[in-house]
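Reader: Can you walk me through this one? Keep it quick.

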Amino acid sequence: MNANDLLIELRKFVLIKSGLRNIDPAHCKIISEYVFQETKNYVSETTIKRFFGFANTLHKFSLFTLNSLSQYIGYNDWDSFCKDKENQTTSVQSIWQDLKLKTHAITEVSLIANKNNSGVPFNATANRSFFFPDFDYFLKNNYQFTTISAQPGQGKSILLSHMIEYFFLSENALYKNDIVLMVNSTSINTIIQTGSTLKEWFLKEFKFNSLTELIGFFKKNPDKREGRFVIIVDGIDEHLTKSNYFKTFIDFLYSIEENNFVKLVFALRTNSWINLQPAIYGSASLTKSWYTGLFYDDDTLSNVPSLNTEEVLYTLSHIENKVINKADVSPPLLTQFKTPFWLQIYFKLKEENHHLELNNPLLCYELINYFLERRVFLAKKSTEKIFLLKKISDSISEGSKKLRVSKEKILSYINCYPDAYEELLHAGIIIEEKRLSTAIPTEIVRFLNDDIYTYFLFIQITDKFAYKPDQSFFEYILNNFTVQSSLRYHILNWSIRFCINRNEIAALKNIFRLPFSNTEKNNAFDFICYVSKFELGKTNSNFNKLSIGMDFIDIMATGRTMSRLYKETVKTISENVLNEDIQIMLHVIECNVNLIDVDKNALANTMQSLKRTYKRLNELFPINPYDLILYFYNNLANKPGDSKTLEEKIIRLCQDIDRSTPRKNEEMTSAEVLSYRMVLILLFSQKSYAECHRFIMAILSKYPNLFYLRHSVFSPFLLIHLGQTYIKLNYFKKAQRIIQFVDKIITSDYTYYTSFILASFNVFKANFYSATHNYEQALIEANIGLELTSKNDFKMFEISLLLNKIDTLKHTEDAEEVSNVIKELLNFLTVHKLSMPDYANLSGSEFEHTFKILKSYRRHQNL
């Protein structure tokens, strides 16, 4: 090799080491810093510019510069680098081995570039070994070329890299005698930058004028051939959009002589393959020599399937440095990750935000936002690109197959900004396909995936309402998207994220007040929890420790779901919020949760925080919640309490409520909801049923339309509690009417109710049927309720239902089954380390003696 060739090689490896596909003057400063970090030798930015031809070179490079750059790429010095390259060219024993050495250097460069550009560390990527037998069949049989075709982001380049290592380069490679030449965009750009044509480059590198000449030589001299010559071409889609390169490529295909030892592999995007197909199908010889492969899909023109679950989990486990199971990843995210591209985005996003949780469905939206922010909103020609994407999304109708639009419908927009359109295609944000099922094949345009389409649809809605998510904003979503459709689900989630990002929490109340379905409301509530937790962990978020206010409390108090997510959200925010009043409210909600969880220790911890704010609690609530919570804590701890003073406070509160003038439902505060709920549970626990009834009637006197409220779980809670009170007062007909009414409002899909309400309804019905001696139906309701409470971890209701079941079975005289359920109850209490509080016993008065025996036994067991 002459000095110039050696310098070209050194430039090539410095680029590879620096992780750069191409170089511009701005990169020279970065490379200078990299060299210093690696070698502690300072090579100036100006010298690097001269080395790469960006500045005039008036003299030869100093030995210090050459030594430093050689050390940077792993050699001892410039002399070692030169000797290594000379040995590669002088130690060959044959033309075949000479070709193999030269192609190996080019292939190594291409492989390193592929690995650098994978987005995810190469060793973390799935090797997709299911594809290997198919490729092996192609190599061994009489086919000239094959294609690896897929949409952007499906992992074509990584698949090729794994196959090259497996078949040709690894220690245990199957075909070590074969020559493999991998040419990718890095290689081609290097050729173009040096001003050479592909023909000139081929002659210079391999001493043959063309591949045809090389084939002819080995046909005439078969004894000089030691294996197959496999050429793999990857990442040339951008070049094929230019007519001169496209023609060169077609001519190249037609020029190849038929043979059985040169194998060509082309990795192409499907839109490139669409344009090539007519040329292939127009030639009988090319059609015959093309191997489509087992996985080729004629509809999508792709033979690279999406990742399967095991492959996704393999990559995630390597990224997270721990075993990731299917249960650790939210189902929508798992589906999204089946396109390898999103795993790359996740890896990049994770480097910037270490608080990402794979079980958080919000991550799907964060990935989309992160990708589009960098590829569109912060990219060149962003205004034109956003305009085009909005027009494309606007032209796609929800009913269209695969959410696509005919290209001719948007041609006028494309013609306005052709360069921006081409860049969107190259970035893989939009895709062109051919619809071949029509009489005349038509070009269609679609988004990379439906989630990106949904995002731009949502952006249009925010534009329409001037970025103000008010009632009309949510009414538009309600009226323009099909109920419980996937599209409406995603639009609602984008809206929730949008509102919390901007700290417009009050706007979210519209989701619950408007007639969205109950499923949508529950999903929305969960997503609010996910987003709020995530936003609180971010720096510079509008939703932060200082900004969280009463609107957020209203939502948390309205949608008491008792889910694990709900508990974690309330706890996380209560530990971080700086507004003392908001923190107090969250602590009271936490105590409510701990009561239902029968969690004495957690209750005690939160009570310590509340005790310090006792005076402020009196000012914020109609009755001091600490007094109520202390009663329940003493109940859990089997301690006596000052119930007489508390009863007097409750009676005074009841009188104050009763004297209030009637008000609208909207005027009820979260402080009232939290207080009234605890008071009613306390009165029931004390068996003060008449007082409980009076208290509910006082609430209804103040809020006469409360039972018509459909967007808060407090309304069904109050109804069910009234029903339980009627049972205790022997007003069975009234209790039955409440059962019928609750059944009716639950079937009205826009009523907001939760699994917790359904479980309490099962407890109510089981008690009603047991009290009216319909023991068979009581057992049915108890078993349905137990299935629900076990699934949702509603410990208090599970205890209540097991007690109800024991009470009911005692009336059936099935002694053996009574013993079994008693064992089940005691085992449940032991496993979860729980006591058996009085407020969990909702059974009839005849059961009191049995309950006391069970409780006494349980207390004895604890001792």
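Author: Two strands pair if DSSP finds at least two bridges between them. Helices (H or I, at least four residues) and strands (E, at least two) are DSSP runs, numbered from the N terminus. This is a predicted model: local features need pLDDT of at least 70, side-chain atom pairs count only at pLDDT 80 or more, and totals for chains, interfaces and linings use all residues. Residues are numbered from 1 along each chain as its sequence is written, and side-chain values use heavy atoms, without hydrogens and water.

Reader: Which residue in β8 is opposite V405?

Author: V445. Three bridges join β6 to β8 (residues 442-447), and the two run antiparallel.

Reader: What is the strand order in the open sheet?

Author: β6-β8-β7, with antiparallel pairing. β6 (404-406) and β7 (430-435) are at the edges with a single partner strand each, so one side of each has no neighbour in the sheet.

Reader: Which helix packs on the sheet?

Author: α20 (residues 382-395). Helix α20 touches β6, β7 and β8. Contact means heavy atoms within 4.5 Å.

Reader: New topic. At what angle do α23 and α25 pack?

Author: About 60°, with axes 10 Å apart. Axes are lines fitted to C-alpha atoms, for helices over the stretch in contact; angles run from 0 to 180 degrees between N-to-C directions. α23 spans residues 450-464 and α25 residues 486-501.

Reader: Who makes that contact?

Author: Among them, Y453, L457 and F458 of α23, and I491, W494 and F498 of α25.
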